[in-house]
Amino acid sequence: MIQIQTIKIFFLFFIALLLYPQNPFASKQKPVRTVHYMKSVEIPENSRFYQPFSTRLDESIRTGQNQLLRFYDAVKKGDLSFDYNQDGAVNTRDLYILANVWPQSVTILPSIDEIQWTSQRGEWTLDSGLIEGVSGIDARLVSESLFPSNIDFTVKIHLKEGNGAGAMFWADATGETGYVVRLDENLGLFLLARVGPWPEEEKLDRYPWRPSDGPAVELRIVTSDFGIRVYLAQQSPYPILETINQTPMGNHIGFYLQDARASFSLLELNSSNVSTPDLFVPEDGEYSGIYDQSVGEEESWYINDHCFTRDREGKFHLFGITHPHPNKPDDEDQFAHASAENLLQVPWEKHPFALVTDTTEGENHLWSPFIFDKEGMYYMFYTAGSLPGNYSFRMHLATSTDLFQWTRYEGNPLFEDYYDARDPMVIKVDGRYIMYYTATNDRPSGAHIVAYRTSDDLLRWSPRHTAFTHDSIGTNNGPTESPFVVQYGAHFYLLAGPDPDNYRTTIVYRSSTPYHWDLTDRIGVLNAHAPELIQDTDGSWYVSHCGWYYNGVYLSPLTWRPEPKTRLFVNLGESLDFVTDQNETFVSDWRGTAGLDLVADEQGFFILEIPIPDGVQILEIELQEEGELRLEVMLGDESKVLLDQGDSGPGIPSILRLEVGEGDLDQGYLRLRFKDSDPSDGWGPNVNWIRLLW
């Protein structure tokens, strides 16, 4: 009996270590902990399915031990069947992937030709690999085969008529719950959503799609580390849809129809070994002035939209709209110019105006300069206004070799656009230039948008596309002014403003592609008007601020705060690896939470003990539960209440989100006790899954 107990303890501890292959706990001595296992208990059935807790535990350990033995046998034999990351060897990374397969160890991908399908509503036919379907309102075709949670597959979808068609994944065996990527003709979108029984749907991300783009598309769907990324296969290296911290509903793939007729072809199917990229939020701090155009003048001057660049010697240069107070945007006819040896130098050296309005060139404004350095030539893009009127605003270009003497491009205007189309900025992505600017999407009054055009040479620009659409409508000032785009990590961040209620507010949006942002992509706010992001020579980031009411230009340090991501996910009805103690706890599926629940009614309780790496200061806890939960953090012999639902717990499966700090860890472990907050009625917590993010 002692030997069996020892094996159980070793296995649970080993599984915990698998989740952290770099052994982040090596720097501190962890106490030896006694792991208490529960005895089989007799629980009244109460007309519901249950299974004694000890039986589930034994099954979980036996399954895991068998997988572990198979893994080490493959290592000794040089068998590559466990080479999940396809690097030609079976190693620690493969063991990490094995430990994270959800909810069971699905190790073999069936070939495309071997997949058997089960129809869930609708009429489906299969002929030579081509699947065709017709539905009245909601039809789903689901694989009988199981797939790993980390998959990478490409599917061709041809929406022949009707509303929507798409591919399913992370679905349960019935296809009632899971995730879907679909074309939606009614909304004109690619949609990524989590679906349940019709009509349940939670939209997670969207991307514009028009039937004129073609009714047939190839989508590549990649899932890994609780994240989902969707690509337009063979068209762009950037995902068009993305979401993180999602919970798989099962291990099946399939197809989905919504009042439509469509055909599908599964083109490629692989295991995914791509990690979900980290996400960041830019945050500003205190602003300090670096340049004031008023110095040396008899009157007060302001600087508005501006830009920074560096010359060949490494000196920083600043260019911007400038005019004496009070603000008169229609009379803004010159660009300020200043320079400094380093960004934080005070004061910057003032230079003569870089450019002034030339009506013979069709200009009546000089707005929003932006400079792009290309192969020894500086390109200054700017808004020149319009002599005929605001509905044909001109985008102009001037060039220079020294940032002091500027020559207008003889091919001006580069293009014209709708009402007050202005505020250009340019980035280079994958060998192609993208110019972003603010505009409206219709005449005489349309939605405020961030438009973009592309070019191969900075001179000839494509027709207009839309990168971002705000829900406000108007002409003059709007919330998409001064767009600025920067790539950081694997994502593109769009700055646009001002907020309609605050002149000094800029909204930050984040996307996996440089060609589209949505209102739902909003992730933060900067306390700045018309900001630019700039890196110093040491790699430090800064954000600038200016405007009609602030006289000059200001800088603030900018930090990229990482967003929490899923580090651990446990489906409690399926995996009991971190349960160290319990009383009268059992497994049930009677409340329909798309999986087995861990239940602790009346005097029952269970404790989870999860190791946490050094340096983690704040953890976010997400869990799905139903009932009346009292959740406590255990600290030695003491406990701290995180949540007490009393006698009014949720009557339906609900997702709870809580936060704990470093002080809630017990010698490097997070210990959580789940209890019934109102033992009098036997309506204790049914916990379906728990997720930790940091």
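Which residue in β46 is the bridge partner of isoleucine 621? Select both and you'll find leucine 692 sitting in that spot. Before we go on, a word on what you're looking at: this is a predicted model, where local features need pLDDT of at least 70, side-chain atom pairs count only at pLDDT 80 or more, and totals for chains, interfaces and linings use all residues. Residues are numbered from 1 along each chain as its sequence is written, and side-chain values use heavy atoms, with hydrogens and water left out.

**Stop 1: the whole chain**

Show everything as a cartoon. The protein chain has three helices and 46 strands (DSSP runs numbered from the N terminus: H or I of at least four residues for helices, E of at least two for strands). Of its 694 residues, 57% count as buried, meaning under 20% relative accessible area, with exposed being over 50% and partly exposed in between (1.4 Å probe, protein chains only).

**Stop 2: strand β46**

Now select residues 686-693, which make up strand β46. Eight of the eight residues here are buried, so the strand is largely enclosed by the rest of the structure.

- Strand β41 (residues 618-626) pairs with β46 in the antiparallel sense, over seven bridges.
- β36 is antiparallel to β46 too, with five bridges; look for phenylalanine 569 opposite arginine 691.
- Strand β39 (residues 597-599) runs antiparallel to β46 and is joined to it by two bridges; leucine 598 has valine 687 as its bridge partner.

**Stop 3: the largest nonpolar core**

Select Phe153, Phe169, Phe190, Leu219, Phe381, Trp406 and Tyr436: in the largest nonpolar core, which has 107 residues, these touch the most other members. A nonpolar core here is a set of buried Ala, Val, Leu, Ile, Met, Phe, Trp, Tyr and Cys residues joined through side-chain atoms within 4.5 Å. Strand β6 (residues 151-171) gives this core its largest share, nine residues. Apart from this core lies another, of 32 residues, and Leu598, Phe606, Ile621 and Val660 are among them.

Zoom in on leucine 219. Leaving aside residues up to four places away in sequence, its contacts (heavy atoms within 4.5 Å) include Phe153, Val181, Phe190, Tyr231 and Ile240.

**Stop 4: salt bridges**

How many salt bridges does a search of the whole structure find? The count is 32, taking a salt bridge as a side-chain nitrogen of Lys or Arg within 4 Å of a carboxyl oxygen of Asp or Glu.

Start with arginine 261 and glutamate 161, whose closest N and O atoms are 3.1 Å apart. Arginine 261 is in strand β13 (residues 252-271) and glutamate 161 in strand β6, so this pair ties together parts that are 100 residues apart in sequence. Arginine 261 is partly exposed at 32% relative accessible area, and glutamate 161 is partly exposed at 46%.

Then select glutamate 201 and arginine 182, with closest N and O atoms 2.4 Å apart. Strand β9 (residues 201-208) holds the glutamate and strand β7 (residues 178-184) the arginine, so the bridge ties together parts 19 residues apart in sequence. Is arginine 182 buried or exposed? At 2% relative accessibility, arginine 182 counts as buried, while glutamate 201 is partly exposed at 28%.

Methods: Two strands pair if DSSP finds at least two bridges between them.
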